[in-house]
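Let's take a walk through this assembly one chain at a time, then look at how the chains meet. Keep the viewer open as you read.

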Amino acid sequence: MRAPTAAPLLEVDNLRTHFTTPGGLVKSVDGVSFTVGHQETVCIVGESGSGKSITARSIMGLVRRPGRVVGGRMNFRLRDGSTVDLAAIPPDSATYRAIRGREIGMIFQEPMSALSPVHTIGSQIEEGIRLHLGFGARAARERAVDALEKVGFPGARQRLNTYPFQLSGGLRQRVCIAMALACEPSLLIADEPTTALDVTTQANILELLLRLQGELGMAIVFITHDLGVVAEIADRVVVMYLGQVMEAGPASGILGHPRHPYTRGLLRCVADIEGDGLLRAIPGIVPHPLARPPGCPFSTRCEEMMPGLCDTTAPELLAINGESRVRCHLWSSGQPHVTEGAVHG
Amino acid sequence: MSSATDTTAAAPAPAVPAAIAAQESRLAGASEWRLIWWRFRRHRLAFASGIVVLAIYVIALLADPIAPASTEASKPQYTYAPPQMLHLFRTTDDGWRFEPHVLGYRVQIDPRAMRRSFVTDPDTVIPVGLFVRGDRYSFLGLFESDLHLFGPIEAGQPFFLLGADRLGRDVLSRTIHGARVSMSIGLVGVLMSLAIGVVLGGLSGYLGGLVDSAIQRTIEIIRSIPTIPLWMGLAAAVPLTWHPLAVYFAVTVILSLIGWTTIARIVRGKFLSLRNEDFVVSARLDGASQTRIILVHMLPSFYSYIIAATTLAVPTMILSETALSFIGLGLQPPMVSWGVLLKEAQNIRSLASAPWLFAPGVAVMIAVLSLSFLGDGLRDAADPYQK
Amino acid sequence: MFAFIIRRTALMVPTMLIISAIVFVVIQLPPGDFLDTLASQLASQGEGLADSQIALLRERYGLDQSILVQYLKWITNIVTALDFGQSFEWNKAVLDVIAPRFWVTLGIALLSLALTAVVAIPCGIYVSLRQYSLGDNLATFFSFLGLAVPNVLMTLVLMYASFTLFDSNPGGLFSAQYQDAPWSVGRVLDLLAHLWIPAVVLATAGTAEVVRVMRATMLDELSKPYVDTARAKGLTEARLTMKYPARIAINPIVSKLGWMIPIIVSSEAVVSIVADIPTMGPLLLRSLLAQDMYLAGAIILLLAFLTVIGTLISDILLALLDPRIRHAME
Amino acid sequence: MGLIRMTPSRRSLLLGSAAAIALLVPHIAAAQEAYKEAPALAARVAKGELPPVAKRLPTNPQVIKPNKEIGRYGGTWRATMLGASDHWWLIKTIAYDGLIRYDLDTKGYVGNLAESFEASPDGKEFTFKLRDGLKWSDGQPFTSADIQFWFDSVAKNSQLTPSLPSWLRTASGPVEITSPDARTVKFVFKEPNGLFLRNLASNSNIGDNPPIEGFPKHFLAKLHADHNPNADAEAKAAGFSGWVERFTTVTGPLSRWRFTGLPTMQAWVLTAPYDDKRRVAAERNPYYHKVDPNGQQLPYLDGYDFRVVDDAEAMVLRATAGEIDLQDRTLASLRNKSVLFDNQEKGKYHFFEVPQPHHNTMVLFLNHNHANPQKRALIQNKDFRIALSHAINRKEIIDLVYYGQGEPWQVAPRKGSVGYDEKVAKQYTEYDKAKANKILDELKLDKRDSAGFRIGPDGSRLSIIVEAPSDFRPDWIDVLETVKKHWKEVGVDLQIRPLGRALIRNRALANEHEAFVFLGNGGEDIDLVMHPDNFLPYDQTGYRTFALLWSNWFAGKQPSEEPPENIKRAFELYRKVQSSPDPKVQGEAIKEIVKISGDEFFNIGISLAPPGYGLIANSMRNVPDSITDIGTIPYIGVVKPEQFFKAQ
């Protein structure tokens with residue numbers, strides 16, 4: 001995990017992506033900010049419905065109707081050094097399409113159906129290459145073989161003409177990765193790529209991603225709900241809940257001594273080999289998006305909820321000792337707020 | 001390892017808006033049919049079509065009282081009479097008042113052109129009302145009556161909202177009576193075809209292998225059997241004393257024995273794709289018998305196809321009735337059905353000077369359209385995979 | 001794949017034989033035979049056909065033998081000498097009667113298939129992209145309208161309209177001056193001017209089905225993740241829709257393609273009668289009503305052959321289009 | 001028959017000029033060089049393809065007096081035909097030239113291919129003198145050998161003709177035909193044959209009236225085994241099963257229209273045959289033997305072009321588009337009259353009248369030999385039939401279905417026919433419900449069931465099942481529906497069964513029928529003599545068989561039953577009509593048959609058949625305003641289509 005270089009590759013500032021549904025306006029992403037440095041791995045973690053996938057899709061401009069990016073800025077530094085605000089460009093415009101696949105690659109959760117069942121894996125990989133790099137058929141084919149070998153796909157040249165349904169989940173995910181990285185983008189967005197895989201394949205894929213990050217010098221935005229994965233690969237972590245960032249900061253800080261009660265709750269859910277083996281879940285369920293609790297969104301499930309404060313006024317996201325930020329009244333003055341009980345370190 | 005499980009000590013969930021909570025709890029408890037009904041209701045177009053279909057069947061059932069005149073009531077002086085406008089208000093010297101009426105005709109016979117020409121006669125006013133006395137009929141064989149929903153207050157007056165045909169019979173009444181035959185005569189045949197189709201299609205799709213190829217080849221053989229000679233042969237084999245309607249009914253039932261091929265092929269295709277779905281494999285692993293798997297596990301997952309196929313088989317039944325009448329098989333005059341009425345209207349003479357004779361054609365269109373939309377809506381509503 | 005084709009073609013022979021036997025018996029089902037129809041037709045024109053005359057003709061046409069003998073003679077002639085027998089009505093070899101009409105029928109069938117494809121497939125795709133929009137409802141309405149209007153009625157109305165509005169008489173295949181003219185651009189245009197009505201009428205019936213199937217499969221496919229993968233590659237919306245979901249949604253349409261030709265041929269009879277086009281439909285209908293046995297039998301055998309071939313072609317097309325099925329076949 | 005029948009034009013010419021033979025000679029001589037021919041033929045003569053017109057015409061060509069004016073050459077006769085077997089139209093319009101022809105003006109027979117003919121006083125011998133120099137359409141001479149070839153090799157050959165047509169036979173044996181010389185043909189019968197000339201002038205599209213002048217020996221001999229030993233082998237090589245099949249296909253009454261190339265004596269030679277190319281066309285016959293008074297070789301029209309359609313509606317479209325020159329068949333229906341009437345200007349046509357020979361719009365035949373004895377007794381009861389007749393309101397039917405045209409009429413010949421009898425025509429046509437009810441009550445049919453219908457002799461509802469053709473004369477179903485309403489008011493339940501014609505015929509010939517409807521044949525003399533089957537129970541066609549067992553008794557077939565005396569008397573009279581050559585004797589016999597039929601009141605008639613109509617283009621000339629549809633005679637052929645012509 002390297003220190004971030006000077007200017008960040010991607011700077012997301014107060015991103016808002018809302019969905020107009022028959023039941024009312026759903027604010028899936030409600031003012032999310034974070035930065036991604038060059039060759040840095042940022043993990044966005046949270047329960048389902050926290051808006052982490054929508055955030056990833058918003059960056060890639062893949063938000064489906066009736067969702068739309070309604071506010072905020074997403075400054076992204078292109079290869080040629082210039083910076084562009086992704087939030088300002090219409091998703092279906094030519095400029096955005098030139099970025100997708102060329103500057104930013106993306107892989108998805110279900111390898112089972114992430115590839116077209118009726119096209120060969122070769123043709124699906126070559127498509128991006130020919131589109132962005134203007135290669136001829138032969139050159140694109142070579143580039144595809146090269147990409148597959150880079151992702152450790154056995155016997156790449158011979159199996160270019162095989163179909164996805166002939167491959168295992170892990171191999172299909174490797175094809176997806178090869179496809180996303182074929183044009184050597186500077187940022188890879190991975191939306192829970194390993195959730196559907198068994199543990200050993202998951203480990204191989206994570207190890208592969210780190211290796212590729214090193215070789216290609218690319219940044220990774222890794223969406224997951226699995227803190228174990230975060231621990232393994234994350235340089236920095238962003239914890240989201242109900243469309244907002246609860247806590248963000250370097251992985252070591254967040255995992256070592258989580259400040260926000262929600263982060264602490266999540267960490268308690270991870271089975272600790274040495275621990276007493278008793279898993280303790282966070283009580284209650286994630287509120288319905290149309291029924292956001294007043295004040296702090298987590299107030300309804302927070303064991304340290306301070307009545308009168310947490311359930312009335314929403315805490316601000318405040319910076320703490322430089323790199324970390326937390327959104328909790330416990331830390332509202334920037335210092336650990338001592339409660340009657342123990343300091344939650 | 002998401003933490004969606006409840007625990008006892010949880011603080012009370014906030015007051016989620018009543019409507020949503022209520023809906024979610026009801027959804028959880030509702031049976032599949034109720035689910036289908038709710039989703040169907042949301043499909044506005046299909047719901048409206050459902051109402052239209054229901055209305056057609058009610059009219060067909062109560063044809064006698066609803067139709068202003070009986071099918072045989074022919075009035076020589078009104079052959080090919082054009083439709084009369086229904087006026088709701090009458091302007092008399094003391095202002096206008098609500099009095100629904102139609103205007104009478106002035107008739108001249110032109111023997112050289114073999115027709116009667118009609119001019120609306122503004123001074124003969126024929127008052128019209130609801131629940132009037134008219135031609136006698138036996139209501140579903142239960143009792144005799146001459147009460148009609150609407151019609152001329154003074155019985156016997158010319159009342160042709162949709163004009164008259166070549167024997168001076170009211171086209172509206174005959175179209176209404178035609179509905180009774182066209183919408184029902186083929187139903188048993190259609191249902192039988194469906195039953196056979198689902199069973200054979202299911203077996204063919206589920207068992208595969210030899211059974212599948214045998215059934216597919218049988219389908220190919222059956223599909224190439226010409227129905228026309230069957231019609232001619234069966235219609236001639238039936239004894240003369242049978243009423244023509246009974247003959248038509250019997251033949252449609254017999255023909256349903258070869259009418260199941262289309263639905264069988266659809267069901268087979270669906271079964272093939274469902275066969276190796278996880279829930280089927282697991283049901284097999286649980287030791288469920290094959291018939292139980294087919295009926296309990298697989299069938300519910302495509303009620304939508306069966307429902308849609310049923311509702312879409314009815315329009316095909318109606319349309320084939322009209323085609324059969326056109327080539328001179330099936331129902332013939334003096335029977336009254338949409339097919340027969342259309343056969344009599346489908347000529348240049350009617351198109352040129354009596355276009356109102358095509359009212360049954362419009363009725364066929366409305367029936368087929370609403371049934372198609374209903375079928376489509378039901379398919380979407382009953383499809384568990386539909387979002 | 002090749003083995004599959006061989007097996008299916010081999011299987012075709014018994015199927016065709018069984019079909020020919022059943023069809024031969026079914027055609028004879030109605031009471032009496034061709035000579036009775038001829039006699040009754042003449043009798044209603046005030047002509048009596050002497051019994052001796054009927055007996056002679058019956059013996060010459062072989063109608064006096066048992067059905068089995070007739071069938072065996074008929075089948076052996078077909079198998080050995082490709083001789084489908086004589087048409088009683090036309091006094092000509094059956095093949096000579098069918099041949100010219102077959103090409104016109106094929107022409108109309110392909111024309112209406114093309115019309116259906118050109119109209120229904122894009123409409124099906126559009127409708128799935130704009131679900132529940134005005135466009136969706138309108139397109140579905142018009143495609144169902146095509147299904148809802150009885151073919152005979154629509155043909156008649158179109159014929160009459162083109163007669164009163166454009167003053168062109170659309171009946172028949174060619175207008176008078178092109179009747180025997182050599183093939184030229186003018187003649188082709190004239191042919192199309194006469195064929196557009198049956199083609200449109202037949203196409204409307206097919207459109208409703210295709211639009212509905214396309215819409216349903218497209219809706220399923222559009223929600224699949226591989227569509228997002230394609231978007232993530234930077235493809236334009238139009239390009240990715242056509243290349244991926246539409247490609248898969250085409251499969252059920254193509255699989256039904258094989259069956260379309262026999263369906264169109266049997267449903268175009270009434271349309272061609274009204275539009276007065278010399279296709280196989282009216283010929284089949286006429287020969288069945290008049291029990292011109294060998295002619296009817298030959299046409300139905302041809303249709304059966306088209307159905308069997310059609311099923312095979314659609315299965316092959318499906319395998320070509322969908323690797324999963326092709327894979328399952330090995 | 002007596003003396004040689006003179007063509008009217010020649011007699012008036014002779015009487016008019018009152019000159020001696022001398023004057024006659026230059027006429028013939030002058031006419032010879034002065035013959036003119038159609039421009040198309042003149043061109044072919046110039047190219048040497050054809051001999052000059054004088055050589056093509058017989059020495060004494062038949063001079064045809066045009067109906068109105070001398071015509072000009074050019075133009076084709078356009079019309080439409082329906083479906084695959086509409087030969088009736090061809091045979092009645094363009095295949096009418098036989099040895100003799102029926103002449104409308106004199107209502108008698110005149111020589112045609114025969115220059116003259118003579119019948120012996122006893123009606124057994126008929127001698128015909130062919131025109132000298134007659135030629136087939138391919139230029140070969142037409143002589144008595146061609147007639148003899150037909151008789152010896154075709155008529156008498158049991159393989160080709162299983163049994164000689166009925167009109168060439170008498171009770172005691174078939175006709176003998178001899179050709180004393182190239183231009184003379186003698187027909188000798190063992191008994192007088194009263195209907196011979198009438199049949200000779202008739203034609204039909206089936207074996208009964210073969211076109212005996214349509215068998216060119218020079219063309220057909222090589223197809224015939226008697227004349228060409230390897231005819232059989234050649235036939236098989238050409239794909240036929242044998243020479244018999246090939247010969248009958250080429251010369252068959254229907255199948256001869258399926259091919260071109262057979263030489264003919266008609267005005268036009270087939271160029272596009274009646275196969276499924278949907279067009280029957282012909283060009284003028286260069287050797288046609290007729291000229292107009294100015295010496296112009298006929299026909300005026302270049303040819304005909306009949307398009308074959310599959311649906312009658314296509315005919316209406318073509319008519320209104322002005323593509324029809326002269327046609328009545330199928331197109332001129334009751335239903336189409338108003339749309340055709342409205343489009344007269346657009347189609348540039350007008351109408352001509354086609355008086356029907358039928359005496360009735362519809363006749364209700366009841367089965368007097370009904371299989372069920374109780375029903376048979378009831379039907380055979382004359383009062384029952386009288387009651388049914390009185391119950392029908394014929395005035396309403398005439399107004400409703402036939403637009404007020406016609407008058408109530410029973411099964412009886414028309415006015416002007418020899419058999420006309422006012423009483424028989426009008427008996428029991430008064431609409432009198434009370435009388436009908438009274439009669440039915442007296443017949444002990446007074447008990448009624450819940451729906452108001454009378455109870456029949458077998459205890460069930462008194463119903464009559466009437467079979468009506470579903471594919472012929474749609475107006476009959478309308479008439480039956482109205483009669484059903486009328487009979488319901490007197491408690492009789494009429495059940496209508498619409499069936500295909502073939503099925504009705506099969507049931508009738510198996511005596512499974514109860515009642516059916518059909519045309520009222522035999523309204524005019526010409527038709528009455530040939531079709532007296534409305535007036536006596538003899539009918540083998542299956543279409544007017546209202547007493548099969550009696551009919552079989554007369555025809556000597558089984559199953560049969562001896563008819564009552566009155567009917568036997570009628571059968572005797574019918575045999576007399578068939579045999580006696582003397583029209584007066586025939587007339588008396590017909591009168592008595594009609595009287596018996598009136599007394600018996602076998603069947604119930606509805607109304608006098610109103611005249612039909614036909615369509616004729618404004619440019620067609622020399623076509624009479626009324627063409628009577630006379631049954632077996634080529635009714636359009638007899639108005640001499642060869643002198644039709646098209647104005648500019």
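**Chain A to begin with**

Chain A has a radius of gyration of 21 Å, which agrees with the value near 20 Å that a compact globule of 345 residues would have. That radius is taken over C-alpha atoms, and the globule rule is 2.2 Å times the number of residues to the power 0.38. Before going further, bear in mind that this is a predicted model, where local features need pLDDT of at least 70, side-chain atom pairs count only at pLDDT 80 or more, and totals for chains, interfaces and linings use all residues. As for labels, residues are numbered from 1 along each chain as its sequence is written, while chains are lettered from A and ligands numbered from 1 in the order in which they are written.

Back to chain A: the C-alpha trace spans about 70 × 45 × 45 Å along its principal axes. Its secondary structure comes to ten helices and twelve strands, where helices (H or I, at least four residues) and strands (E, at least two) are DSSP runs numbered from the N terminus. Of the 345 residues of chain A, 47% count as buried, meaning that 20 or more other C-beta atoms, placed from the backbone, lie within 10 Å of the residue's own. Take the contacts in chain A between residues at least 6 apart in sequence, and 63% of them join residues at least 24 apart; a contact here is two residues with C-beta atoms, placed from the backbone, within 7 Å.

How confident is the predictor about chain A? The mean pLDDT (the predictor's confidence in each residue, from 0 to 100) is 85, and 92% of the residues of chain A reach 70 or more. Over residues 338–345 of chain A, though, the pLDDT is below 50, and this stretch has five contacts in the model beyond near neighbours in sequence.

Now for chain B, which has 16 helices and four strands. Its radius of gyration is 28 Å, well over the 21 Å that the globule rule gives for 387 residues, so chain B is more spread out than a compact globule. The C-alpha trace of chain B spans about 90 × 65 × 40 Å along its principal axes, and 43% of the 387 residues count as buried.

UniProt, in an unreviewed entry, places the feature "transmembrane region" at several stretches of chain B, including residues 185–209 and 354–374. These positions are given in the numbering used here, feature names are shortened, and annotations may be inferred rather than shown by experiment. In the model, residues 185–209 of chain B are 88% helix and 0% strand, with the end C-alpha atoms 38 Å apart. Residues 354–374 of chain B are 76% helix and 0% strand, and there the end C-alpha atoms are 32 Å apart.

So which chains share the most contacts? Of the five pairs of chains in contact, the answer is chains C and D. By contrast, no contact joins chain A and chain D, whose closest C-alpha atoms lie 48 Å apart.

Finally, look inside chain D. Its domain assignment (automatic or from a database) gives domain 1 (35–89 + 266–355 + 612–648) and domain 2 (360–605). The C-alpha centres of these two domains of chain D lie 39 Å apart, and the contact takes five residues from domain 1 of chain D and six residues from domain 2 of chain D.

Technical notes:
Buried ≥ 20, exposed ≤ 12 C-beta atoms within 10 Å, placed from the backbone.
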